[in-house]
Amino acid sequence: MKWLSTTFWSRQRNFFMVLLGLLFLAVVLALDLAFPYMSDLPLTLYWMREGLIVATFLLYGVTLYGRRYIEEKNILYKLRTVFFALIGLYAVVLVPRMLFSRSSSFSLHNLFAFYPALETIFLRMLISVFFTLFMINILILLRTLVFYKSRRKTHRLFHASLVLLGGLVVYGHLSRTVVQVEWTFQGRTPFEWILLGFLLLFLVILSFRSSWVTYLNRRQKYLAFWGGLAVLPAIILVFRSNVLDEISRFSLTVGAFDSFVFYFITIYLAFTEINLLLHLPTASIFDKKMNEIASLQNLSRMISTVLEYNRVIEKVTELARDVLRADGTWLEMVENGSEVRVVSSNGLSQKELARLPVKFEKSITSWVLENRRSLLINEISRDSRSSYLRKWKKNIGSLLSVPLVSQNRVLGVLHAIKHEEFGFDQDDQDMLQAFADQATVAIENARLVEESLEKERLEQELRVAHDTQLKLLPKQMPSLPDVEIEALCVTANEVGGDYFDFVELGSHSLGIVIADVSGKGISAAFYMAELKGIVNSFARIYTSPKELLIRINETLYENVDRQTFVSMVYALLDTSRRKLYFCRAGHEPVFYYSARHDRLELLQPQGIGLALDSGNVFNRLLEERNVKWRGGDFFLFYTDGLIEARNQSGEEFGFQRLYELVWKYRDRSARELKEVVKEEVLKFIGHARPHDDFSLILVRAT
Amino acid sequence: MDQFSMQRKEMDDLTVLYIEGYLDAHTAHQFEEALRKIIEEGRYKIVVNFSRLNYISSAGLGVFMGVIEEVRSNGGDIKMCCLSDKVFRVFDLLGFPALYDIVKTEDEAIQKFRDAQEKAPE
């Protein structure tokens with residue numbers, strides 16, 4: 001079913017068209033050859049011949065006319081094609097002329113003069129066909145040029161011209177005169193004259209539509225101008241010769257059409273040449289403008305593609321230098337509120353950058369930051385504001401500086417320099433400002449993206465820290481005879497460094513750890529993990545709390561950075577002797593409730609935080625205590641997050657409140673007391689999450 | 001809510017830094033930068049006045065620990081004065097009074113530097 005496919009069919013159709021056209025022309029040729037032998041020419045035969053010719057060209061013309069002949073972007077390319085086609089046409093016309101020529105004389109007047117007999121008929125037909133095919137193409141080209149960025153009115157005018165031409169042809173046929181669009185009064189009726197006048201007027205109006213010239217670049221404008229001039233002899237040649245008359249003799253309709261198109265192209269060419277000539281002096285400026293627009297578009301495109309801050313600022317100086325054809329550009333950004341730093345440059349050496357004076361009271365940057373306006377200095381050496389720049393770089397002639405303003409805030413200043421004086425003009429200043437405005441958007445976007453990435457990274461870090469903390473805390477409470485143990489850790493959004501643990505040292509002995517690592521977040525979580533490792537391994541070796549803490553201090557001091565320290569209470573609970581041995585290393589005191597005396601006291605033996613000191617002070621001050629407990633007694637260990645928990649108005653929960661709370665509920669079980677403290681603190685702060693972790697451990701003797 | 005600010009005063013080779021507001025994990029880096037700047041200028045005799053400080057967290061305390069070695073190895077010191085009871089409690093629990101000179105008034109802190117100078121003239 002191949003023949004059904006569209007491409008196949010369209011190729012078949014084109015082939016069929018050409019065949020049909022050739023067939024028509026063959027009939028016409030046969031008629032022409034037969035005419036000399038007919039004494040009386042029948043009018044029907046004449047009409048038939050004319051009809052066949054018109055049909056042939058209509059077939060060709062309509063096929064082409066429907067297509068989009070010229071894309072806007074490659075006008076010049078198409079013009080060049082026409083130029084070469086013109087040369088081809090002349091070859092077609094002249095070569096047979098040379099071959100068949102019998103006279104040795106060769107002048108413009110008889111260039112297309114034909115000779116009697118058969119050659120005339122052949123040649124006339126050949127030339128008419130080629131010339132007309134060429135003219136059809138020219139008309140379509142003219143249409144595209146005229147329609148380029150044009151309004152509807154132009155379209156109507158163009159089609160009105162074609163209709164007028166049709167009218168003239170019909171009228172010409174009816175009055176049996178040779179119809180040409182020629183500026184002559186001879187043999188014309190007033191009606192014809194009016195039609196012709198209108199036609200010429202339309203053509204002139206249409207010839208003003210050559211806006212495509214504007215969009216050519218400088219080189220293309222020159223090419224088009226000289227190309228147009230080169231075509232001039234070809235046009236003169238056609239005018240001086242009798243080719244149009246000969247075509248009219250071949251067919252009145254075709255002659256009229258060819259004349260029309262020929263006049264149209266001549267008038268259009270004349271106007272376009274004038275237009276080109278007027279554009280030539282400004283061509284380079286126009287080029288520059290186009291270049292600027294292209295760069296601005298380039299930047300706009302970049303805004304949507306480049307999201308990395310560093311790439312954006314690099315591109316900004318690169319494009320700014322391109323657009324202005326500057327010798328150097330650099331971008332200064334305001335950082336930390338008032339500091340100004342060069343963040344990117346183009347065309348300047350590292351050495352020059354290092355010596356560049358950026359911000360001081362009377363610098364250009366300060367001026368621009370203060371006035372929020374662009375500044376153009378065309379004579380660096382004579383302007384007092386910029387003379388300091390001459391000391392920086394000797395060959396600066398002119399300077400242009402524009403602010404990057406976003407929401408009434410100046411983000412930075414973009415500078416461009418040229419070696420020559422008067423290197424920048426008002427347009428450059430406006431242009432660079434427009435450019436800077438675009439750049440500001442790009443920079444802001446890049447920053448926002450980086451901020452959100454940073455935020456995501458921080459959130460990820462928070463999650464990691466939380467997971468770490470949760471994994472480090474014991475999941476089950478240890479069970480020992482005669483004691484009830486409860487623990488609690490309410491974590492802050494940002495890990496606060498609270499840590500507690502139990503080390504089982506046998507059936508009657510338990511190590512209890514409560515600690516607070518300084519700092520927050522991932523680093524605190526990391527040190528917690530380190531601490532857990534140290535405590536768990538050392539607690540099995542050193543049973544005395546004092547000795548254990550001394551060892552822990554030594555190890556920690558060597559392994560953490562100087563800013564980090566840990567406060568900790570380590571207690572050894574011995575259920576067989578009913579004793580608690582403990583040390584406090586810089587931590588909050590321990591509550592002890594004695595049931596026998598109904599007394600709640602605070603145990604605060606001496607001791608400084610871990611990792612504050614290499615050992616001299618730590619070992620000297622650390623004090624170990626022991627308490628003999630009975631049934632009903634309890635110990636409460638806690639971290640500072642508990643008493644430093646703040647409510648909305650900034651008030652702290654405080655030690656006093658905690659003491660009163662513990663006293664009030666002293667008779668409750670460990671679990672109940674824990675729940676009460678948690679509820680009361682959370683109620684006080686008014687959120688589910690405190691700003692710092694808080695933890696507590698309760699050990700109650702039963 | 002967590003506002004923090006500083007002011008700096010210079011008296012001969014002494015630098016007094018007044019800190020105000022909340023010194024916690026979020027504001028500690030500001031304080032650290034200020035201290036580092038003073039040290040970079042070669043000024044190692046520093047008094048930190050806490051009279052307007054409402055709160056200090058472990059991260060804030062860490063800042064002192066981070067710079068003290070450098071300060072002391074250059075013959076200087078950081079002395080603290082005018083701590084509120086609440087702030088002093090935090091210092092006291094951790095054992096800072098064993099590591100730093102913590103005094104009641106700014107004059108006392110300055111006097112401590114002067115005394116030390118007389119004892120060991122350059």
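**Close-up 1. Strands β11 and β14 of chain A pair in this predicted model.** Here β11 (residues 590–594) and β14 (residues 634–638) of chain A run antiparallel and are joined by three bridges. Look for A:Y593, which stands opposite A:F634 in β14(A).

**Close-up 2. An open sheet of five strands in chain A takes in this pair.** Follow the strands across in the order β6-β15-β14-β11-β12 (chain A), where the pairing is antiparallel. At the edges stand β6 (483–490) and β12 (599–603) of chain A; each has a single partner strand, so one side of each is left without a neighbour in the sheet. On average, neighbouring strands of this sheet are turned by 15° against each other, direction ignored.

**Close-up 3. Helix α21 of chain A packs on the sheet.** This helix, residues 670–685 of chain A, touches β6, β14 and β15 (694–701) of chain A. The direction of α21(A) makes about 20° with that of β6(A).

**Close-up 4. Helices α20 and α21 of chain A pack against each other.** Now meet α20 (residues 654–664) of chain A, which packs with α21(A) at an angle of about 145°, the axes being 10 Å apart. The crossing of these two helices, α20(A) and α21(A), is right-handed.

**Close-up 5. Side by side, here are the residues where α20(A) and α21(A) meet.** From α20(A) come A:R657, A:L658, A:L661 and A:V662, while α21(A) brings A:L673, A:V676, A:V677, A:E680 and A:F684. The residues of this contact between α20(A) and α21(A) divide into seven nonpolar and two charged, with no polar ones.

Technical notes
Residues numbered from 1 in each chain as written. Chains lettered and ligands numbered in written order. Predicted model: local features only at pLDDT ≥ 70, side-chain atom pairs only at ≥ 80, totals over all residues. Heavy atoms only, no water. Pairing = 2+ DSSP bridges. Helix = DSSP H or I, 4+ residues; strand = E, 2+ residues; numbered from the N terminus. Axes fitted to C-alpha atoms, helices over the stretch in contact; angles between N-to-C directions. Contact = heavy atoms within 4.5 Å. Left-handed = near helix turned anticlockwise from the far one by under 90°. Nonpolar A, V, L, I, M, F, W, Y, C, P; charged D, E, K, R; others polar.
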